[in-house]
Amino acid sequence: MRKHPFVAACVLAALIVASGCAGPQNKYRNWSSYGGSLADIRYSPLTQVNRSNVKDLQVAWTFDTHDGFPGSELECNPLIVNGVLYASTPKVNVVALNAATGKLLWRFNPDKSRKVFFKMRNRGVSYWSDGKAARIYFAYRQYLYSLD
């Protein structure tokens, strides 16, 4: 079976989260939507990684989705919210990982009865919160799931 570790951007994001971006002074602590924020800022004020040391970065962890198959793809924009990385997999499951360690927290399979043998492109998940409740939104086939 061919392994599908998460892409370098996902691992780099987890490394940055694990290296101390938490704190009340950090306005952009989370990467809660595509592009980093609803304003698509693609910005982080973190200073641990810069032009002089980026070449020294090493992979902190990888995660095998265990659902890759010949010809499958993994094209998702992982989100990081409060230290949890959310992403979709080649067989269009949703996984939640500890962003610092890569440990699987949970997996959601929207259709356990169907076997996926062909490419199903999915760009990932979306996050919403009103400060009290939080949801991960995920589209699969003709359905929209709200995971809490």
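# Briefing: sheet, cores and aromatic pairs

Four strands form an open sheet in the order β1-β2-β3-β4, with antiparallel pairing. Two strands pair if DSSP finds at least two bridges between them. Helices (H or I, at least four residues) and strands (E, at least two) are DSSP runs, numbered from the N terminus. This is a predicted model, in which local features need pLDDT of at least 70, side-chain atom pairs count only at pLDDT 80 or more, and totals for chains, interfaces and linings use all residues. Residues are numbered from 1 along each chain as its sequence is written, and side-chain values use heavy atoms, with hydrogens and water left out.

- The edge strands are β1 (79–81) and β4 (104–108). Each of these pairs on one side only.
- On average, neighbouring strands of this sheet are turned by 20° against each other, direction ignored. The axes behind such angles are lines fitted to C-alpha atoms, for helices over the stretch in contact, and angles run from 0 to 180 degrees between N-to-C directions.
- Strand β3 (residues 94–98) runs antiparallel to β4, and four bridges join them.
- V94 has F108 in β4 as its bridge partner.

**The nonpolar cores**

- In soluble globular proteins, nonpolar side chains tend to be buried together.
- A nonpolar core is a set of buried Ala, Val, Leu, Ile, Met, Phe, Trp, Tyr and Cys residues joined through side-chain atoms within 4.5 Å. Buried means under 20% relative accessible area, exposed over 50%, partly exposed in between (1.4 Å probe, protein chains only).
- The largest nonpolar core has 13 residues. Those with the most contacts inside it are Y86, V92, V94, V125, I136, F138 and Y140.
- β1, β2 (84–88), β3 and β6 (134–140) are the elements that give two or more residues to this core. The largest share, three residues, comes from β6.
- I136 is in contact (heavy atoms within 4.5 Å) with Y86, V125, S126, Y127, Y145, S146 and L147, leaving aside its neighbours within four places in sequence.

**The aromatic pairs**

- Rings of Phe, Tyr and Trp (its six-membered ring) pair if their centres lie within 6.5 Å. Planes under 30 degrees apart count as stacked, over 60 as edge-to-face and the rest as tilted.
- A search of the whole structure finds three aromatic pairs.
- The ring centres of Y86 and W106 are 6.1 Å apart and their planes are at 50°, so this pair is tilted. It links distant parts of the chain: Y86 is in strand β2 and W106 in strand β4, 20 residues apart.
- Y86 counts as buried at 13% relative accessibility. W106 is partly exposed, with a relative accessible area of 32%.
- The ring centres of F108 and Y145 are 5.1 Å apart and their planes are at 65°, so this pair is edge-to-face. F108 lies in strand β4 and Y145 in strand β7 (residues 143–147), so the pair ties together parts that are 37 residues apart in sequence.
- F108 counts as partly exposed at 21% relative accessibility. Y145 counts as partly exposed at 21%.
- One aromatic cluster is formed by F108, Y143 and Y145.

**Positive phi values**

- V92 is a residue other than glycine with a positive phi, near 60°. V92 sits in the loop between β2 and β3. V92 is buried, with a relative accessible area of 2%.
- R141, also other than glycine, has a positive phi near 50°. R141 sits in the loop between β6 and β7. R141 is partly exposed, with a relative accessible area of 37%.
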